[in-house]
Amino acid sequence: MGDRKPYPSDVTDAQWALIGPLLRAWKAKRVSVSGHQGDYDLREIVNAILYQNRTGCQWTYLPHDLPPKSATYYYFALWRDDGTDQAIHDLLRCQAREKAGRREDPTAVVLDSQSVRAANPVPAATTGKDVGKKVSGRKRGLAVDALGLIIAVVVTAASVTDNAIGIRLLDKVVEHTPTVTRAWVDAGFKQDFALHGAVLGVDVEVVKRSDSRPGFVPVRKRWVVEQTYGTLMLHRRLVREYESRPESAVSRTLWASMATIVRRLTGTSTPSWRHR
């Protein structure tokens, strides 16, 4: 960071000790022919991505004491396209599960989707309207474990059904985490989804909410994914859909999740706007 004053979203030394070695190993495999090492420290690139995630600012509004848009977007897009963000996220998730006394890979997941309104510049070809919720934009589908840690992310047009999103999520879960044998969902996931789960060897259980109790009532099994969505909403870049490509929206979700996981692992927190 040099002599600049740190932002609340910056990674601490303890947090960078978790992420830094993974990115340095990535960079060691991408040696430039000319031997050029780059003008910006990778830690500052990560700080810029987390700053934008947390504040929701536009690329051109990144503070002058952070790396500029050209450098930050270069690495953001590179890590998105080569799967580095997913790989780092999954390694951190395994560490968080081990710290909580769990095995590295879960045996059960909870699935749900969230409709998010799209900003004006988002291409119409990648958006749609969720008629039930009256939201024009995209849907963010999550599969999380019992701790609320993200196992898989899918971003589609809001017009796509929960069934289709659930099938894509299950495919990703089984591909990367074959230990999963059970999935809990709400009533929006229909029989086609359950049949697809049976084909993949995943037992699907629909957990319905109770209409007999007034007020807010956490739904058994499913409350953990709702908690994850609530935590993601602390990152203003995710409150609205700003990304031109759904793949970028997936990467944004992973970075927000990474920020949460490293805080869990190091026992730190990011001050919110409520803190003076």
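Modeller: Let us begin with R43, which is buried, because its relative accessible area is 12% and the cut-off for buried is under 20%. Please keep in mind throughout that this is a predicted model.

Colleague: Which residue forms a salt bridge with R43?

Modeller: The partner is D13, and the closest N and O atoms of the pair are 2.9 Å apart. D13 belongs to helix α1 and R43 to helix α2, so the pair links distant parts of the chain, 30 residues apart.

Colleague: Is D13 buried or exposed?

Modeller: D13 is exposed, because its relative accessible area of 59% lies over the 50% limit.

Colleague: What does R4 pair with?

Modeller: The side chain of R4 meets that of E44 in a salt bridge, at 2.9 Å from N to O.

Colleague: Are R4 and E44 buried or exposed?

Modeller: Both R4 and E44 are buried.

Colleague: And where in the chain are D145 and R97?

Modeller: D145 is in the loop between β3 (135-144) and β4 (150-157), while R97 is in helix α4, 48 residues apart. Their side chains form a salt bridge of 2.8 Å, N to O, and D145 and R97 are each buried.

Colleague: How many salt bridges are there by this rule?

Modeller: The count is 15. There is also a network of salt bridges that links R80, D81, R245 and E247.

Colleague: Changing topic, which residues touch the most other members of the largest nonpolar core?

Modeller: They are W16, I19, L23, V46, W79, L92 and W255, in a core of 33 residues. Helices α1 (13-28), α2 (42-55), α3 (69-82), α4 (84-99) and α8 (246-266) each supply at least two residues of this core.

Colleague: Which helix gives the most to this core?

Modeller: Helix α2 does, with seven residues.

Colleague: What does W255 touch, leaving aside residues up to four places away in sequence?

Modeller: W255 touches V46, I49, L50, N53, F76, W79 and D85.

Terms used:
Residues numbered from 1 in each chain as written. Predicted model: local features only at pLDDT ≥ 70, side-chain atom pairs only at ≥ 80, totals over all residues. Heavy atoms only, no water. Core = buried A, V, L, I, M, F, W, Y, C linked by side-chain atoms within 4.5 Å. Buried < 20%, exposed > 50% of the residue type's maximum accessible area, 1.4 Å probe, protein only. Helix = DSSP H or I, 4+ residues; strand = E, 2+ residues; numbered from the N terminus. Contact = heavy atoms within 4.5 Å. Salt bridge = Lys/Arg side-chain N within 4 Å of Asp/Glu carboxyl O.
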